[in-house]
Amino acid sequence: MKLNYPEIKNWCIIDNCGYDDIYIASELRPKRIFGHVYDNSKFEDGTIVATSEIQRMIYEQGVIIVETKNSKYIIRKETIDEKYENQFGNVWEKLVKNIER
């Protein structure tokens with residue numbers, strides 16, 4: 001599989017929660033990736049972005065490819081946002097386990 005997609009570093013997964021979504025359980029809310037994007041022709045390296053809703057994730061060659069409606073991004077274990085990892089713990093392992101189901 002091609003792995004030359006833009007990369008998001010210092011990333012975390014966020015809820016796509018708007019005011020109208022207050023009665024939707026958090027596990028049912030659409031998720032997005034938030035972080036600094038690199039190697040994307042639309043943005044300067046290091047620009048903070050929040051992707052559109054995650055459609056699917058693929059674990060491939062030690063990285064996760066995140067597919068959104070119109071784009072694909074790479075995230076890596078070593079670039080998880082430190083505060084996010086400290087709050088939730090073992091984020092990478094949980095994602096990979098969930099993907100492999």
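Student: Glu 7 first: buried or exposed?
Tutor: In this predicted model, Glu 7 is buried, with a relative accessible area of 11%.

Student: Which residue does the side chain of Glu 7 meet in a salt bridge?
Tutor: That would be Arg 76, at 3.0 Å from N to O. Arg 76 itself is partly exposed, at 27% relative accessible area.

Student: Where do Arg 76 and Glu 7 sit in the chain?
Tutor: Glu 7 is in strand E1, while Arg 76 is in the loop between strand E6 (72-75) and H1. They are 69 residues apart, so this pair links distant parts of the chain.

Student: OK, how many salt bridges does the structure hold?
Tutor: Five. Another one joins Arg 56 and Glu 67, with the closest N and O atoms 3.0 Å apart.

Student: Which parts does that pair tie together?
Tutor: Strands E4 and E5: Arg 56 lies in E4 (residues 56-60) and Glu 67 in E5 (residues 63-67), so the bridge ties together parts 11 residues apart in sequence.

Student: And is Glu 67 buried or exposed?
Tutor: Glu 67 counts as buried, at 12% relative accessibility.

Student: Which residues do salt bridges with shared partners join into one network?
Tutor: Arg 56, Glu 67 and Lys 72.

Student: Switching topic: what volume does the largest pocket have?
Tutor: About 530 Å³. Its lining is made of 16 residues.

Student: Which of them lie nearest the centre of the pocket?
Tutor: Ile 13, Lys 31, Tyr 84, Leu 95 and Asn 98. As for elements, strand E1 (7-15), helix H1 (82-88) and helix H2 (91-99) are the ones that give two or more residues to the lining.

Student: Which element gives the largest share?
Tutor: H2, with five residues of the lining.

Student: And how does the lining split by class?
Tutor: Nine residues are nonpolar, two are polar and five are charged.

Terms used:
Residues numbered from 1 in each chain as written. Predicted model: local features only at pLDDT ≥ 70, side-chain atom pairs only at ≥ 80, totals over all residues. Heavy atoms only, no water. 1 Å grid on protein atoms, 1.4 Å probe; cavity = no way out; pocket = protein on both sides within 12 Å on 5 of 7 lines; lining within 4 Å. Points joined across faces, edges and corners; volume = space filled by probe spheres on them. Helix = DSSP H or I, 4+ residues; strand = E, 2+ residues; numbered from the N terminus. Nonpolar A, V, L, I, M, F, W, Y, C, P; charged D, E, K, R; others polar. Salt bridge = Lys/Arg side-chain N within 4 Å of Asp/Glu carboxyl O. Buried < 20%, exposed > 50% of the residue type's maximum accessible area, 1.4 Å probe, protein only.
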